[in-house]
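Please walk me through this structure.

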Amino acid sequence: MPQQLNTKTSKRTPSHRRIPESIHEGVMHDGGVNAWMDDPENGTPIQRPAPALENGNLSYQIQDDEVPLGFYAVGTASFRYWNAAEALRRGADFWQARIPQLAWFEGIGPKLPIFLDDGFDFNAFYDRTALKFFHGNATGGTVFSGESPDVLCHEMGHAILDAIRPDLWDIAAQEVAAFHESFGDMSAILSALQLPLMRAAVISETGGHVNRSSRLSRLAEQLGQAIRESYPNDVDPDCLRNASNRFMYVPPLKLPSSGPASILTAEPHSFSRVFTGAFLDALAGMLLAIARDPGAPTEDELLQVSNQIGDILIAGIHNAAATSDFYSQVAAGMVQAAGQTDSAFARPLKAAFVKRGILSVSSATSVQTLVDAAKILSHRMTGAATLVSHAPSHLALDAKHYGLGDQALIVEAPSQPRKFSVSAAVTDVVPSQVPSSDVAAQGFVDQLFKQGRVDLSGVADEAERIDPLSSLKTHRLVKDNGALQLKRVLCDCGLKHD
Amino acid sequence: MNEQRRIPGNSIVPDTVESQAYVRGIVERGEAALPDKDGNLPHSATHEIVGHHDASGLPILVRRKMF
């Protein structure tokens, strides 16, 4: 059971239940409102300053009957009105602070219409005219999608991204559509982190490792529970989508068009989990990178990195070409922006994207450099006579692949003669092609770097490093005679989760 | 391409391998629909069918919403 703060919580929103003692968040000069901290399921009611629906370029107009400002009881339409207003204002203010001139998509005008209950459905959407939310029946009562700050800020995220990059709306590419969904979830995460109480709760629940499963990573718990009652395979076991996940990048053309939530598919919400997972990993790495005490990061430090990763995300989106490999485009732009924001951030960004396979560890190879380096090493080890007459058992890889500069990385290649003519199989009947020794070696080293298993201490500049700040290292690099050599340090059991 | 009616300029035409995979996925998931007489799509639909691409046998779509 996750650790809870000393707060009053409630289960599924009961009808007309009052909040006996809600948590006060912020200074309320002009009155305030009751609201959920993140989601109604096991929700924490808080009190917030009165949100200004009309504020700057990103104003809202709730289409339901106007409700006077006040502290309303959970379960009432009046509570849902101001709860939605609070979450939407907080979310838009976060993005407005990143891009002050940002305005809604041109066809919408200055006020984005909000329909808090547009009928019966477990759904919510943005359609370039409005944000629309619905309701449905579930065990324990009626569920309103517009009552969850997670859902509200996800849909708002669509509108924000549409304002930033309207060209993405019509792009016929799986990764672009999935990125739109990921941005919605990232918006929900970043909007939630603007609440001091939420930051404290997440740090407490995760021990400062904010990419662990927590109320931050579990998005839309109540809506997920309601959908799970009828479609148990359509959502994650603990929420609608959990950003703390292990999904790896696979070209979406190779994935089925749909499937259960337990597998990755090309369906945009499903495929979005790869990028959102990497984003949460990156956020966690950035927090550790700047924390005065990495063992106990503070909520102020979490606020700082949430703002900075928002800036970095925007920069990545601005710089990304709308191509079929959109994930890597955005990721590359984010890595570039991270280095400009804080030299400590490039490494956790790279580590997160490389580990997910969103960014490849390989790059263009400088062949001549590799050949020269391999010759030097072979000469030193075996003597000049054997320099060119035998296939080398040591292979020189381009260290630039791994951010290690213009030098060679020497690895032992699996090039001994085979004793048995066997191979792995793609299926039970179709044998796979046995990779050449250099391909196999490159693949092995790539995998080590992806998993953060190589200790780069002393051989790489901090800003160039792509290994995570905290992970079990099985190999280290040793500088020898102008080249780097890969040495195994230990074998691990594979059960440690970083 | 058989244009049953005027195709908007922002249409998704399935004329490449990738766009065909994209449209096929939308169709398979039931997210493409024709509008009713009032121009509304079912809640579950993200894309409106605005035409038909003869070469691929797939519909031409326009995105109307995101969930």
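Rings of Phe, Tyr and Trp (its six-membered ring) pair if their centres lie within 6.5 Å; planes under 30 degrees apart count as stacked, over 60 as edge-to-face and the rest as tilted. This is a predicted model, where local features need pLDDT of at least 70, side-chain atom pairs count only at pLDDT 80 or more, and totals for chains, interfaces and linings use all residues. Residues are numbered from 1 along each chain as its sequence is written, chains are lettered from A in the order in which they are written, and side-chain values use heavy atoms, without hydrogens and water.

Over all chains there are 16 aromatic pairs. One is Tyr249(A) with Phe271(A), edge-to-face, at 5.9 Å centre to centre and 65° between the planes. The pair links distant parts of the chain, 22 residues apart. Tyr249(A) sits in the loop between strand 11 (241–242) and helix 6 (268–290) of chain A, and Phe271(A) in helix 6 of chain A. Helices (H or I, at least four residues) and strands (E, at least two) are DSSP runs, numbered from the N terminus.

Buried means under 20% relative accessible area, exposed over 50%, partly exposed in between (1.4 Å probe, protein chains only). Phe271(A) is buried at 0%. Tyr249(A) is partly exposed at 23%. Both belong to one aromatic cluster, whose members include Phe94(A), Trp95(A), Phe275(A) and Tyr327(A).

Now chain B. Its elements run α-β-β-β from the N terminus. Its C-alpha atoms fill a box of roughly 30 × 25 × 20 Å along the principal axes. Of its 67 residues, 48% are buried.
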